[in-house]
Amino acid sequence: MRRYRLIEHTADIGLVAYGRNLAEAFANSAYGLFSIIAELRPVREVESHTVELQEKDKESLLFEWLNHLIYLFDVETIIFKRFDIEDFDGQRLKAKCYGEKYDPSRHRLKLGVKSATYYLLKVDAEKNQVRVIFDV
Amino acid sequence: MPKWSGPLEKVDDYRWRIPKNYKPGMRVPGLIYADQGMLQQIREEQALEQVANVAFLPGIVGHSLAMPDIHWGYGFAIGGVAAMRMKDGVVSPGGVGFDINCGVRILRTNLTEDEVKPKIKELVNALFTNVPSGVGSKGKIRLRAGEIDEVLVKGSRWAVQQGYGRPADLETTEENGEIPGADPSRVSHRAKERGIPQLGTLGSGNHFLEVAVVDQIFETDTAQVMGINRVGQVMLLIHCGSRGLGHQVADDYVKEMVNAMSEYRIDVPDRQLACSPVESRQGQAYLAAMRCAANYAWANRQCITHWVREAFCRILGKCEEDAGLELIYDVAHNIAKIEEHTVDGHRETLCVHRKGATRAFPVGHPSVPQKYARIGQPVLIPGDMGRVSYVLVGTERAMQETFGSTCHGAGRVQSRAAAKRHLRGSEILKELEARGITVRAESLPGLAEEASEAYKDVTAVVNVTHKAGISRIVSRTRPIGVIKG
């Protein structure tokens, strides 16, 4: 099953992520985000971080989830590539995220992502799809 | 992406109006500065819908404005200006953008192309090494515990006190590089955590350093006042912003304002337009935090300026006095400011949002540095890396029509993915070299994304602002060396 597809936007870049359930679509949106930031193939799963979030609705949860990961990348320089969602109910999310600290000798960064935005942001609980536009 | 098919009324050759009745809920009409040719391009995407959406925001006065470099953004279009009354208007973090105080500065030199060209490769390499750039780049500045708060309050002055640059730089920076009303207690721990290691870095995307040469002077006397003396003179451009600190401030307050919308019974067509009354707790907290991020960006450009001067003098074998390297001016192009303007014949205090737009104050305005009192505020408009850049000045007409604002750059016309499909970074590198432009880039695909073809022609953009009278063209430069993040 396809995890995500990129959306072209003049100045920025967006994606639609899919899943068998909404939790998986959230995980795949994060995978899509890091595919924009870096070449993921050489990244190993040697570091992990647990992310726990509670928001007022599923849209804010998606915004916060992706921005939290951008923040972690910025301060810890960890490129994440696997996201195991352990708990999810549309307002609450707990995930274990695996990846590796950026190593310029083995990894290639592609594009800096400043933030996820609310513009055209959509969480479709029926189709198990999410859409987000990033500011890059 | 659907084309925009809404109504546009021609005001004159350079002004087009979106009538207020286009969508119920618009409080003011939209006004777009563009020529006929540009409109075709602008209609290809949803930027004009965003101009109309901004007109919904409470307290907006005049028009929801779009500069000729307008393109599709998120929430607000890029190239947008919106002014809200203090007393009943709102402030929106989306109206500033995630890269708070992204901006440009230009340094003049006493050297000519003939003197610099033989060493351009060494110079570009030295600039590339001396100024950290690229995705996730970390700086060489080590702040003491708590020192970040000083940076956030003092901005450029902090940098100059640390030995990065000259006291005179402060006089020729918008807000003197230190906008008052910055309160570090309004900036989250996370934002500071992101900002501390990144101070003094260029970042990635469209940020750059450029070695440029003056190739045409349109207003000799005005140019002289800025120290732009002759064709062939070498200039240095720096374009960057507030890095992760600004991005986090924007995130934090977009989130807070999304939550506060129901409290103030504000309804907007797009969550990214989330806002709060300017005078509210959230509005004041955002402005205090945004000013911190703006000051951080000024400190950032100030530190980079120091390393640029260092590299330039070392490679060219000159001392700073001989090289010149004075800062002509530094402008912010993503910011919200509290300013006085005349609206329908009355003086009003307004919160002016400029997102991808530059302040363009005229002769005699108290915010214009003494040095430029008789020419007006310098406006710096970078083109893309293969083309020219411009220096303009602000005008009285801008004061009357656009809250003292003009365009900020070329404006994208092609998505990053499209640019990469059509062009390879390595080919662009070769083509630029063939045209006498030396380039160093952190990432080759990144280079393709920033190719000339992805942008509007900056000359067409500044011509519209010039002909519409909202700024005047003074001089043009062309690049000979570029460093991309």
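Two strands are taken to pair if DSSP finds at least two bridges between them. In this sense, E100(A) in β5(A) is the bridge partner of I79(A). The model discussed here is predicted.

**The sheet of chain A**

β4(A) and strand β5 (residues 92-101) of chain A are joined in the antiparallel sense over nine bridges. Helix α1 (residues 22-37) of chain A lies across β4 and β5 of chain A and runs at about 170° to β4(A). Helix α2 (residues 58-76) of chain A also packs on the sheet, where it touches β3, β4 and β5 of chain A. The direction of α2(A) makes about 145° with that of β3(A).

The sheet itself is open and consists of three strands in the order β3-β5-β4 (chain A), with antiparallel pairing. Its edge strands, each of which pairs on one side only, are β3 (47-54) and β4 (78-88) of chain A. On average, neighbouring strands of this sheet are turned by 25° against each other, direction ignored.

**The sheet of chain B**

In chain B, seven strands form an open sheet of mixed pairing, in the order β1-β2-β3-β4-β5-β13-β12. β1 (9-12) and β12 (334-343) of chain B are the edge strands, each pairing on one side only. From one strand to the next, the twist averages 30°.

Strand β2 (residues 15-18) and strand β3 (residues 30-33) of chain B pair in the antiparallel sense over four bridges. Within this pair, W16(B) has I32(B) in β3(B) as its bridge partner. Helix α17 (residues 458-468) of chain B packs on the sheet and touches β2, β3 and β4 of chain B. The direction of α17(B) makes about 160° with that of β4(B).

Towards the other end of the strand order, β12(B) and strand β13 (residues 346-355) of chain B run antiparallel and are joined by 10 bridges. The bridge partner of I335(B) in β13(B) is R354(B). The hairpin of β12(B) and β13(B) has two residues between the strands, and D344(B) takes a positive phi near 50° there.

| Residue | Bridge partner | Strand of the partner |
|---|---|---|
| I79(A) | E100(A) | β5(A) |
| W16(B) | I32(B) | β3(B) |
| I335(B) | R354(B) | β13(B) |

**Helix packing on α11 of chain B**

Two packed helices are described by the angle between their axes and the distance between the axes. Helix α10 (residues 243-260) and helix α11 (residues 281-316) of chain B pack at an angle of about 170°, with their axes 9 Å apart. α10(B) is therefore roughly antiparallel to α11(B). The residues that meet include L245(B), V249(B), Y253(B) and M257(B) from α10(B), and Y286(B), M290(B), A293(B) and Y296(B) from α11(B). By class, this contact of α10(B) with α11(B) has 11 nonpolar, three polar and two charged residues.

Helix α4 (residues 120-130) of chain B also approaches α11(B): the axes come within 9 Å and cross at roughly 145°. The crossing of α4(B) with α11(B) is right-handed. From α4(B), E122(B), L123(B), A126(B), L127(B) and N130(B) meet residues of α11(B), among them W307(B), V308(B), F312(B) and I315(B). The residues of this contact of α4(B) with α11(B) divide into eight nonpolar, one polar and three charged.

V234(B) lies in strand β9 (residues 233-240) of chain B. V234(B) counts as buried because 29 other C-beta atoms lie within 10 Å, where the cut-off is 20 or more. Its contacts, not counting residues up to four places away in sequence, include T109(B), L111(B), T112(B), V211(B) and V213(B). Although V234(B) and T112(B) are 122 residues apart along the chain, their C-alpha atoms are separated by 5.3 Å.

**The contact between the chains**

Chain B contributes 39 residues to the contact and chain A contributes 32 residues. On the side of chain B that touches chain A, β4 (60-74), α8 (189-198), α10, α14 (416-422) and α16 (444-449) each supply at least two residues. α10(B) provides the largest share of that side, nine residues. By class, the side of chain B that touches chain A has 12 nonpolar, 16 polar and 11 charged residues.

Definitions and conventions: Residues numbered from 1 in each chain as written. Chains lettered and ligands numbered in written order. Predicted model: local features only at pLDDT ≥ 70, side-chain atom pairs only at ≥ 80, totals over all residues. Axes fitted to C-alpha atoms, helices over the stretch in contact; angles between N-to-C directions. Parallel < 35°, antiparallel > 145°, perpendicular 65-115°, else oblique. Contact = placed C-beta atoms within 7 Å. Nonpolar A, V, L, I, M, F, W, Y, C, P; charged D, E, K, R; others polar. Buried ≥ 20, exposed ≤ 12 C-beta atoms within 10 Å, placed from the backbone. Left-handed = near helix turned anticlockwise from the far one by under 90°.
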